[in-house]
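Please keep the sequence and the model in view while reading.

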Amino acid sequence: MKILAIETSCDETAISILECTGLAAQTGDTSLAEFVVVGDALFSQAHLHAEYGGVFPTLAKREHIKNLEPLTHQALVQAGHIEPEQTDTSTIYDASSKKDIAFIAVTRGPGLEPALWTGIEFAKLLGEKWNIPVHGTDHMEGHIVSALVEGDGKKYTLKIPKFPILGLLISGGHTELILMKKWFEYQLVGKTKDDAVGEAFDKVARLLGLPYPGGPKVAEAALRSRERNTDHGIVFPRPLQHEASCDFSFSGLKTAVLYKVKEMGHISDTDAEHIAHAFEDAARDVMVIKTRRALEETGAETLAVGGGVSANTTIRTALTKLIAEEFPHVHLGYPHKTLTGDNAIMIGMAAYVRHSMGTESYPLSASGTQSLA
Ligand code: KG4
Ligand code: ZN
């Protein structure tokens, strides 16, 4: 079954066309699914939002509208649905461009509502022209599925993991621990009381004069300090580490960084690297402490780490060590590097699994705050 997937929840506009096989719908076998990426086009607006220090919703909406048609054209050409010589992007709406695509999957939330609507409206229009259904899809479900598949950027395999699955979802808008007891039955285990961890990375980057999106820049700065291996003596708090819950808090940590920056006055590049190092250590420890607690509380058999911050090497290494040393029976799933950030491949995969398990799709209205549990 072929699916066209659309992602516009934040500052990435992405279109993917996936050839999906396996799972209950076609084979009765619920143990395996395969996804071949036959078309994939993604435009990141991050550099455009950099001057605002974060995502500016009106700009995101305008850019999505501008890019959806050309990216869809690009993906359809890659998939062999449109001849490369046919450069007129309006040909995407022709019935002949659809070929064997069975349905369209589109992110309906959570995210920025004006941005989500652009994807939904476009999906509806294309669905009408092609006369095929459009399935609303959850962005965070996409991040969970992306942590459960194995692949190389072109092809991904989903071997059904052992349930219950604990999802650690860490992105620019979310920091939560969610238990999936069986497919698509969720229970909230813990979440942030204030900022998301990615947001904290982005805010710390701004305090240190590093550009948006700050997560990778803070990680690079921290790495330079780690490599120097000097004792910089900076220690930041690990918020809620002793609280008997799986909730997170990052606003106090961000404020501690702010005070440190103010206290130091002028900060050199080396100072910034030390601060980034100490901040990343604190964020890492909080992730480990809360994930340990959640694994103990839930008895989960699989840990699936998803969202933009799952690209962070320090956090990845610490979680890998936690599982190896304390929970060796737990399967640890991490997204391939092509799937850590926002993308449409994960949206198509999540929509396919939902569909083939006979679970209803999400409504076709934008929901900025939609929550899995
Ligand atoms: O999932 P994502 O691409 O978008 C949202 O759904 O929010 O996550 C983006 C977040 C940003 O806050 C970005 O700074 C952070 O992920 N991020 C990182 C790294 N790469 C991206 N944070 C820490 N270390 C990284 N290597
Ligand atoms: Zn995301």
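Which residue lies over the face of Y334? R316 does, at 4.1 Å from the ring centre. The model described here is a predicted one.

- An open sheet is formed by 7 strands in the order 5-4-1-2-3-7-6, and its pairing is mixed.
- Strand 5 (134-138) and strand 6 (149-151) are at the edges with a single partner strand each, so one side of each has no neighbour in the sheet.
- On average, neighbouring strands of this sheet are turned by 30 degrees against each other, direction ignored.
- T21 has E34 of strand 3 opposite to it.

- Strand 11 (residues 302-306) is largely enclosed by the rest of the structure, because 5 of its 5 residues are buried.
- In a regular strand, side chains alternate between the two faces of the sheet.
- In strand 11, T302, A304 and G306 point one way while L303 and V305 point the other way, and all are buried.
- Strand 8 (residues 165-170) runs parallel to strand 11, with 5 bridges between them.
- Across this pairing, I165 stands opposite T302, and L166 has L303 as its bridge partner.
- Strand 12 (residues 331-333) also runs parallel to strand 11, joined to it by 3 bridges, and A304 stands opposite G333 there.
- From strand 11 the chain passes through helix 11 (residues 313-326) to strand 12, making a right-handed β-α-β crossover.

**Aromatic rings and charges**

- A search of the whole structure gives 7 aromatic pairs.
- One of them is the stacked pair of Y52 and F56, with 4.6 Å centre to centre and 15 degrees between the planes.
- Both of these residues are partly exposed: Y52 has a relative accessible area of 45%, and F56 stands at 36% relative accessibility.
- F248 and F250 form a stacked pair as well, at 6.2 Å centre to centre and with 15 degrees between the planes.
- Both F248 and F250 are buried.
- One aromatic cluster consists of F163, W183 and F184.
- Over the ring of F184 sits the charged end of R354, 4.8 Å from the ring centre.

**Backbone exceptions**

- Most residues other than glycine have a negative phi, and most peptide bonds are trans.
- G109 and P110 are joined by a cis peptide bond with omega of about -10 degrees, and P110 is placed in the loop between strand 4 (101-109) and helix 5 (113-130).
- A cis peptide bond also leads from Y212 to P213, where omega is near -5 degrees; P213 is in the loop between helix 7 (197-207) and helix 8 (214-228).
- N131 is not a glycine, yet has a positive phi of about 60 degrees.
- The loop between helix 5 and strand 5 contains N131, which is exposed, with a relative accessible area of 70%.
- L240 has a positive phi too, near 65 degrees, and lies in the loop between helix 8 and helix 9 (251-264).
- L240 is partly exposed, at a relative accessible area of 22%.

How values were computed. Residues are numbered from 1 along each chain as its sequence is written. Chains are lettered from A and ligands numbered from 1 in the order in which they are written. This is a predicted model: local features need pLDDT of at least 70, side-chain atom pairs count only at pLDDT 80 or more; totals for chains, interfaces and linings use all residues. Side-chain values use heavy atoms; hydrogens and water are left out. Buried means under 20% relative accessible area, exposed over 50%, partly exposed in between (1.4 Å probe, protein chains only). Helices (H or I, at least four residues) and strands (E, at least two) are DSSP runs, numbered from the N terminus. Two strands pair if DSSP finds at least two bridges between them. A crossover is right-handed if, with the strands pointing away from the viewer, the path from the first strand over the helix to the second runs clockwise. Rings of Phe, Tyr and Trp (its six-membered ring) pair if their centres lie within 6.5 Å; planes under 30 degrees apart count as stacked, over 60 as edge-to-face and the rest as tilted. A charge sits over a ring if NZ of Lys or CZ of Arg is within 6 Å of the ring centre and within 35 degrees of the ring normal. Axes are lines fitted to C-alpha atoms, for helices over the stretch in contact, and angles run from 0 to 180 degrees between N-to-C directions.
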